[in-house]
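I opened my notebook to look up a few side chains and rings. Here is what I looked at.

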Amino acid sequence: MARKPRIHYSGATYHVMLRGNGGQDIFHNEKDGQVFRSIIADGLDRFGHKIHAFCFMPNHVHMVIEVDALPLSKIMQNLAFRYTRYINKKLDTDGHLFQGRYKALLIDGDSYLLTVVRYIHNNPVDAGLAKAATDWLWSSDRSYRNKVAGTIVHTDKLMSMLSSSTGGRTKAYAHFMASDAKVTWPPDGIKGEIIGDKKFIAKMAAGHSADKQYVHLSAKALYDLAESQLGMTKKDLISPSRTGGLPKKRAIFAKAVHETCDYSMAEIAKTLKRDGSSLGRLVCKLDDSDPDVKAFKAAILN
């Protein structure tokens, strides 16, 4: 199950891309977009992050997300799980909606926020779906132009970069978007998952090589902890049996491993030979204050 965790720190800003599995559409009508946006709004209150920009395309999504204490993986796992559940119920299907793990580029928000937001807002234009960014209803471009109310977007940071005068920011944004300058993203000469100058990239690599709360344990080590902490063997974890409180114990195992080792729920479900949606529903029912969850997480981290 092991994989390298994403760089995380409070204030980290990411360009996030979420694509439909096999290129399939993830939005079929206006209601789908509204549901996706409402799930994002719920997450803002729950996880304390900010959305600086978004664009919903038929088969993929772009977002610029600035996290707080909780890592990006928790935000995206909640969003992808809840929206997939909605679509599967709506279409009477049962399967993966999104193409594997989301892609995320860590960016220097002070230097590249303007560039990535302009790229995202022009995505429908570049794809031939709109003549101008303002014509596309499913992006945050209209929030920056004050054409919508109740926005999920935090516009202050980008607007302050464009104009020191609050009264002239909307006009400054319109002028910024109307520029003929070619937007190249990722920027020329920059490769990898960190977007910034050499100093920023070096600082991230040296100072934030990984979220310090995450650990890497082998599957065997995790099974041993499950036996000592939860009283269940590897056989119990992968067994189809639902007796003796095993479903809840599997959910405790999955939640603790996901949140301390940063493995995706899909990877954990595969390892435990469970259906990902069913396991995810059980995990969502668990509270972070559950003493068994806290104890198992502490055992992993120690």
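I started with tyrosine 86, which counts as buried because its relative accessibility is 19% (buried means under 20% relative accessible area, with a 1.4 Å probe and protein chains only). I then checked tyrosine 83, and it counts as buried at 0%. This is a predicted model, where local features need pLDDT of at least 70, side-chain atom pairs count only at pLDDT 80 or more, and totals for chains, interfaces and linings use all residues. Residues are numbered from 1 along each chain as its sequence is written, and side-chain values use heavy atoms, with hydrogens and water left out.

Next, rings. I found 14 aromatic pairs in the structure (ring centres of Phe, Tyr or Trp, the latter by its six-membered ring, within 6.5 Å; planes under 30 degrees apart are stacked, over 60 edge-to-face, the rest tilted). Tyrosine 83 and tyrosine 86 make a tilted one, at 5.6 Å centre to centre and 40° between the planes. Both sit in helix H2 (residues 72–91), three residues apart, so about one helical turn separates them (helices are DSSP runs of H or I, at least four residues, and strands are E runs of at least two, numbered from the N terminus). Ring pairs also link them into a cluster whose members include Phe27 and Trp138.

I looked up tyrosine 144 and tyrosine 173 too: their pair is stacked because the centres are 5.2 Å apart and the planes at 20°. Tyrosine 144 is in helix H5 (residues 141–144) and tyrosine 173 in helix H7 (residues 169–178), so the pair ties together parts 29 residues apart in sequence. Both tyrosine 144 and tyrosine 173 are buried.

Definitions and conventions:
Buried < 20%, exposed > 50% of the residue type's maximum accessible area, 1.4 Å probe, protein only.
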